[in-house]
Amino acid sequence: MNQIIKRDGTTELFSKDKIEDAVYKASINSEKGADREIAIEVADKIDKKYALGGQNPSVEEIQDLVEVLLMETDRKDIAKHYILYREKRSEIRKKSWELDELQSSIWKNKYRFNNENFDQWINRISNKNPRISKLIRQRKFLFAGRILANRGLYKTGKKVTYSNCYVIEPPQDSIEGIFDTAKKLARTFSYGGGVGIDISKLRPKGALVNNAAKHTTGAVSFMDLYSLTTGLIGQRGRRGALMISMDVSHPEIEEFIDIKTDLEKVTKANISVKITDDFMKAVKERKPFDCTFYVDTTGETVVKTMDAFNLFNKLVKNNWDYAEPGILFWDRIEKHNFMSEDETFSFAGVNPCAEEPLPSGGSCLLGSINLSEFVIQPFGDHATFDMNKLKSCVRESVIALNDVLDEGLNLHPLEEQRESVGKYRQIGLGVMGIADMLIKMSMKYGSDDSLKLCEDIAKTILNESVIQSALIAKEYGPFSEYKYDKISKSKFYINNLDDEAKEMVEKYGLRNSQLLTIPPTGSISTMIGISGGIEPIFNLSYIRKTESLHDEDVYYKVYTPIVKEYMDIKGITEEEDLPDFFVTAMNIDYSGRIKMQKVWQEYVDASISSTINIPFETTIEDVFNIYMDAWEAGLKGITIFRDGCKRSGILINEKPEKDSKDKKGSDNAREELALTVEEENVDLINEEIGQSEKFVCPECGNEGIANTGGCSICLKCGYSACS
């Protein structure tokens, strides 16, 4: 027997190993325990039965025979588990997802089109691809939001894009260039895409200009123009998202860092500083740092010498106090990817959640694999991770994202986007559900065993993605700017690909210049009831508010889905009785977060959206140390959100008593770098919080908001915004 007939009518090579694997998995938690020998015996019998050839059997015929052979053995317990698992998978193939009120609201308000039913929705977003339909039904893979909402709608005449976000060409240093960028923002937002722009090319305040003003008002002065543009353009089920970045070497960087300490300024954009290794070394060594800008049109050079340590402290203090700006470690971004040795290629900025560094016009076309669905026998003593099924899912996902890329190539709002995407063909395959996966395997997030498992998974995803991209290149050719002599010299290629992947690239090339990224997956992960991106679960439970029939607010506790599932299985009724591997974003040691992100970043050629949620009582020095550790760990960027900061509207975590004080640690290894900023009084901070901006959902007015991976998610209706 050479082939078997799959359920969708296609054929694939017969694999005895798959039969052995399936029987062994059924035996793992059976009453009499795991049995590899019986799995081998059953697989051998099936192999011999069909070895002489003849008509190719179907998958169902093979599975029926497995059941018969198992019933003929003395291990009826394995047969029972195999039959039950088979019935469960059959049910999944036919049923719609079971969604609670919040999950259903997200699906209906953000992703369903024109009252389509679940099957119609699956057919639309998969373009009737049976293999990707199966993965979506099984919750093993899900496209990102713009694909879920928009795929196929161009046929109705709608102006849509399949890309979540773009980076557009940095505004040129002229009044025309500045307003051309605003026009590009408006056009892209109108199609539903978010945007990242870098303003480092705009001359600093006070520099000469050749017009009536004589001196420019500076790069920072135009940030509100771009923020206003973002707020003016509405999008279905989400707010327009904008990232504005600036290089740390720009003379106006201090003003940039301070801009959002005014809660009325730049309210519709995230901001991040592009930090270089030279600057970070100057911080460690407490050296001066020159911020320099040369103006081509006037020949003027503007130089501002900064105290690197003090400037970095300002950034840290503002982040502790206002949750912005974020940090992009730009040298790591530029060096840790397949294109690092190609002098003709450069990144122009990052998307709003910072997981996608992109060239001018580049887009992030995203999809994520739900790792929690690959755990075999979850919550048990013998829980294992199905690496073979993951490999298959990765291959199918890369094919699916390339299909979407081709289908949507002419749908991008701007010509520079259509040109850039056509040249470089970036896709962003990511992961979600990591925290759920670890809980199912009784592993503590950030522990040594969790890091080892995630490293194995990350390396597998990278190499399988590369192999599949090479196979697509074999059929359709590599991306147009592909240069093997450049890609093969990148450290990312040399250090992370195994021999098989390297051989495939050398033979066929790559169809995609960028393959992997880990977005926050805020809405899609909430919709299917799992943790987002690489984040730990946000909380064990949260409080939801609803109105009763008597128009009174009623508050009730809702458990995070993985917590409720575990408690139901184990018969636990109180959170306090959960084992210690149930860590949350608010109580996990930040070093565990950094270690986890480091493991994934090594094998991700783009970047990772990661928000370290820290409790109210976290000190400024703690934030300083998080950033220093993140840089030294080789991360590409990180965001910090302190619960109760002046930009916080989160109402689901308890705040400390009013008489608590902002503490300072004394046993840190970097005592010589202790901050010199004046300690804040928490009483004063609490008073200011009461007057600060609240994150109120614009769809339903709810104030219960969760922040995860750079996204704010309404806990009532599922509305999301990058924030």
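Which residue in β21 does Ile-327 stand opposite? In this structure, which is a predicted model, Ile-327 faces Ile-638 of β21. The strands concerned are β10 (residues 326-329) and β21 (residues 637-642), which run antiparallel and are joined by two bridges. In general terms, the strands of a sheet pair through backbone hydrogen bonds, and they may do so in a parallel or an antiparallel way.

This pair belongs to an open sheet of eight strands, whose order is β13-β4-β5-β6-β7-β10-β21-β20 and whose pairing is mixed. At the edges stand β13 and β20 (611-614), and because each has a single partner strand, one side of each is left without a neighbour in the sheet. Helix α24 (residues 590-602) packs on this sheet, where it touches β20 and β21, and the direction of α24 makes about 170 degrees with that of β20.

Elsewhere in this sheet, strand β4 holds Val-167, a residue that counts as buried because its relative accessibility is 0%. What surrounds Val-167, once its neighbours within four places in sequence are set aside? Its contacts are Gly-196, Ala-348, Gly-349, Val-350, Asn-351, Glu-356, Leu-358, Pro-359, Ser-360, Gly-361 and Gly-362. Val-167 can also be compared with Pro-352, which is 185 residues away in sequence, while the two C-alpha atoms are 8.9 Å apart in space.

Strand β4 (165-167) also takes part in covering the buried residues of helix α16, as do α9 (175-190), β13 (363-364) and α15 (387-407). Helix α16 spans residues 415-424, and its buried residues are Glu-416, Gln-417, Ser-420, Val-421 and Tyr-424. These residues lie on the same side of α16, because the arc they cover around the axis is only 120 degrees. The spacing follows a general rule: an α-helix has 3.6 residues a turn, so residues three or four places apart point the same way. After α16 comes Arg-425, which has a positive phi, near 50 degrees.

A second open sheet has three strands in the order β3-β14-β17, and here too the pairing is mixed. Its edges are β3 (141-143) and β17 (428-432), and since each of these has a single partner strand, one side of each is left without a neighbour in the sheet. From one strand to the next, the twist averages 25 degrees. Strand β14 (residues 366-370) pairs with β17 in the parallel sense over five bridges, and within this pairing Gly-367 stands opposite Leu-429 of β17.

The largest nonpolar core has 96 residues, and the members that touch the most others are Trp-121, Phe-143, Leu-371, Phe-385, Met-437 and Trp-600. Helix α18 (residues 448-476) supplies the largest share of this core, namely eleven residues. Apart from this core lies another, made of 59 residues, including Ala-269, Ala-282, Tyr-627 and Leu-635.

Another salt bridge, between Lys-507 and Glu-503, has an N to O distance of 3.9 Å. Both residues lie in helix α21 (residues 499-508), where they are four residues apart, about one turn of the helix. Glu-503 is partly exposed, with a relative accessible area of 46%. Lys-6 and Glu-12 also meet through their side chains in a salt bridge, at 3.5 Å from N to O, and Lys-6 is partly exposed, its relative accessible area being 23%. Finally, a network of salt bridges links Glu-254, Glu-255, Asp-258, Lys-304 and Lys-314.

Definitions and conventions: Residues numbered from 1 in each chain as written. Predicted model: local features only at pLDDT ≥ 70, side-chain atom pairs only at ≥ 80, totals over all residues. Heavy atoms only, no water. Core = buried A, V, L, I, M, F, W, Y, C linked by side-chain atoms within 4.5 Å. Buried < 20%, exposed > 50% of the residue type's maximum accessible area, 1.4 Å probe, protein only. Arc of directions from axis to C-beta. Contact = heavy atoms within 4.5 Å. Pairing = 2+ DSSP bridges. Axes fitted to C-alpha atoms, helices over the stretch in contact; angles between N-to-C directions. Salt bridge = Lys/Arg side-chain N within 4 Å of Asp/Glu carboxyl O.
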